[in-house]
Amino acid sequence: MKSSAQPRPRFEPANLRWINRYADLGPDFHTELPPQGLPRPAWVATSAAAAEALGWPADWFADPAHCALEVFSGNAAWRGMRPLATVYSGHQFGVWAGQLGDGRALLLGELDLGDGSGMEIQLKGSGRTPYSRMGDGRAVLRSSIREFLCSEAMHALGIPTTRALCIVGSPLPVRREEVETAAIVTRLAPSFVRFGHFEHFCHHGQPEALRRLADHVIERHYPDCRDAANPYAALLEAVTRRTAELLAQWQAVGFCHGVMNTDNMSILGLTIDYGPFGFLDAFVPDHVCNHSDTQGRYAYHRQPQIAFWNLHALAQALLPLIGDTDAALAALEPYRTVFPARLEALMRAKLGLATEGPGDRELVDDLLRLMAEERTDYTIAFRRLARFSSAEGADNHEVRDLFVDRARFDAWAARYRERLRREHSDDRERAARMNRVNPKFVLRNHLAEVAIRQAQAGDPGEVQRLLAILERPYDEQPEHEAYADFPPAWAQTIEVSCSS
């Protein structure tokens, strides 16, 4: 019997259709210029899943006739691409920084996906632009591997994010804290517009450009806002809701962004700009993952409040269009309810609770308080909790042994057992539910560091192997048990900063 599936059309760059709607906004929004290519480029890693999002086959990069290596190393362009760097401004560490922009990134173009939607393709690390300020416009292999892996890991976790298509490396030396080698990571997103784009046109007194940008975003991404009584207030509210949902997901999975400046906040509610990020090892609520953040502004437990602060900055930027302060404040108000409600729902799911009941918040909070006091491993604790037995007298040693204060855990476990009984929870069904929301594998810093060191030594194979594991974060994958183990002692010495 023949398969009814249609054969995939051959990948041909000449047949790709580029629509480049951001480029069409005009010169106020960007500077068109070619990338500065890498010498002696070589593939480091590719993501078949990201290629699938473009409708490309997994081996899209393999045919030399397509010149893909030249294109994604910045040495060539396919017909229809319009490389450009966008201009934006923003608040960095809470301080107005003025004009910023794509200092080391170039938007190659927007690819028509054939269903009315588009995907923007961007090189990061492709050389100086008019917005580089004192920077060299380059990215190093270390930071490119981290961004590539975490972009795809977050997508696999179900968290909104920009994607990463590939990494190209080069022997070109780049100086950071020390001399490293250059790389370019190719990023994908429906839009790379940030809060800072709106701040730029507001603060520089360009109301018509501000309106054109807002209309562009509404038309492309928030069409339901068009018919609202105040479309720009509706846009702000929609962004507020998406951002609240995103922050709840970050907190639930134990993700720390590290640099939540307004120019690093996506207008689509995507996780964007992976620099000094980190997943929690020990549960330390005031953990600061960014070595450059000496004041702890972007500590894990402060992220939800910082996101709300950033939304206020966006509201200020949109105020010339909204026209009324009360309307702008009203558009921000849903954050106060959407974020906590979504986080509570996610945390109930992490405990395997199928229903909402009185005392659930206290049950979650008391567990987190105990974990914080004992610095319990966040990912491992919730994953092991799926094996908790609600049978009377069960010792539950796999979870219990994570805690020094056994009596205190036992008291919590008794309350948890009673809560499960109240909703007639079946242990097997609950375990399956919990394993669908509590990942076994996350991109811990030491896993990334091992892949980076091997790639720097000339063997990028671990990057691809680690990607394959992270693409299935909820699966058991017993052959990769070591990747889900406690971090080694040397992991505590890893420092990531804004150059990471």
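The model is predicted: local features need pLDDT of at least 70, side-chain atom pairs count only at pLDDT 80 or more, and totals for chains, interfaces and linings use all residues. Residues are numbered from 1 along each chain as its sequence is written, and side-chain values use heavy atoms, with hydrogens and water left out.

**Annotated site**

Asp-263 carries the UniProt annotation "active site", from an unreviewed entry. UniProt positions follow the numbering used here, feature names are shortened, and annotations may be inferred rather than shown by experiment. Asp-263 sits in the loop between strand S11 (255-256) and strand S12 (278-279). Helices (H or I, at least four residues) and strands (E, at least two) are DSSP runs, numbered from the N terminus. Asp-263 is in contact with Tyr-88, Ser-89, His-91, Gln-92, Leu-100, Arg-194, Gly-196 and Asp-273, leaving aside residues up to four places away in sequence. Contact means heavy atoms within 4.5 Å.

**Accessibility**

Buried means under 20% relative accessible area, exposed over 50%, and partly exposed in between (1.4 Å probe, protein chains only). The table sets out several residues.

| Residue | Relative accessible area | Class |
|---|---|---|
| Asp-263 | 6% | buried |
| Phe-388 | 2% | buried |
| Cys-166 | 0% | buried |
| Gln-36 | 35% | partly exposed |
| Cys-67 | 35% | partly exposed |
| Arg-133 | 57% | exposed |

**Cysteines**

The whole structure has zero disulfides. Cys-67 is in no disulfide, and its nearest cysteine sulfur, that of Cys-166, is 14 Å away. A disulfide is a pair of cysteine sulfur atoms within 2.5 Å.

Cys-67 lies in the loop between helix H1 (48-53) and helix H2 (68-71). Cys-67 is not a glycine, yet has a positive phi of about 55°.

**Two further loops**

Arg-133 also shows a positive phi, about 55°, without being a glycine. Arg-133 is placed in the loop between strand S7 (118-124) and strand S8 (139-140).

Gln-36 belongs to the loop between strand S1 (30-32) and strand S2 (42-46). Which residues does Gln-36 touch, not counting those up to four places away in sequence? They are Gly-74, Ser-126, Gly-127, Arg-128 and Arg-138. Gln-36 and Gly-127 are 91 residues apart along the chain, but their C-alpha atoms are separated by 5.1 Å.

**Helices H5 and H7**

The axes of helix H5 (residues 207-221) and helix H7 (residues 303-322) come within 10 Å and cross at roughly 100°. H5 is therefore roughly perpendicular to H7. Axes are lines fitted to C-alpha atoms, for helices over the stretch in contact, and angles run from 0 to 180 degrees between N-to-C directions. Angles under 35 degrees count as roughly parallel, over 145 as roughly antiparallel, 65 to 115 as roughly perpendicular and the rest as oblique.

From H5, Pro-207, Leu-210, Arg-211 and Ala-214 meet Ala-317, Pro-320 and Leu-321 of H7. The contact of H5 with H7 has six nonpolar residues, no polar ones and one charged. Here Ala, Val, Leu, Ile, Met, Phe, Trp, Tyr, Cys and Pro count as nonpolar, Asp, Glu, Lys and Arg as charged, and the others, Gly among them, as polar.

**Phe-388**

Phe-388 lies in the loop between helix H11 (378-385) and helix H12 (397-400). Beyond residues up to four places away in sequence, Phe-388 touches Asn-396, Ala-413, Tyr-416, Arg-417, Leu-420, Asp-427 and Arg-430. Phe-388 and Pro-460 are 72 residues apart in sequence and 39 Å apart in space, C-alpha to C-alpha.
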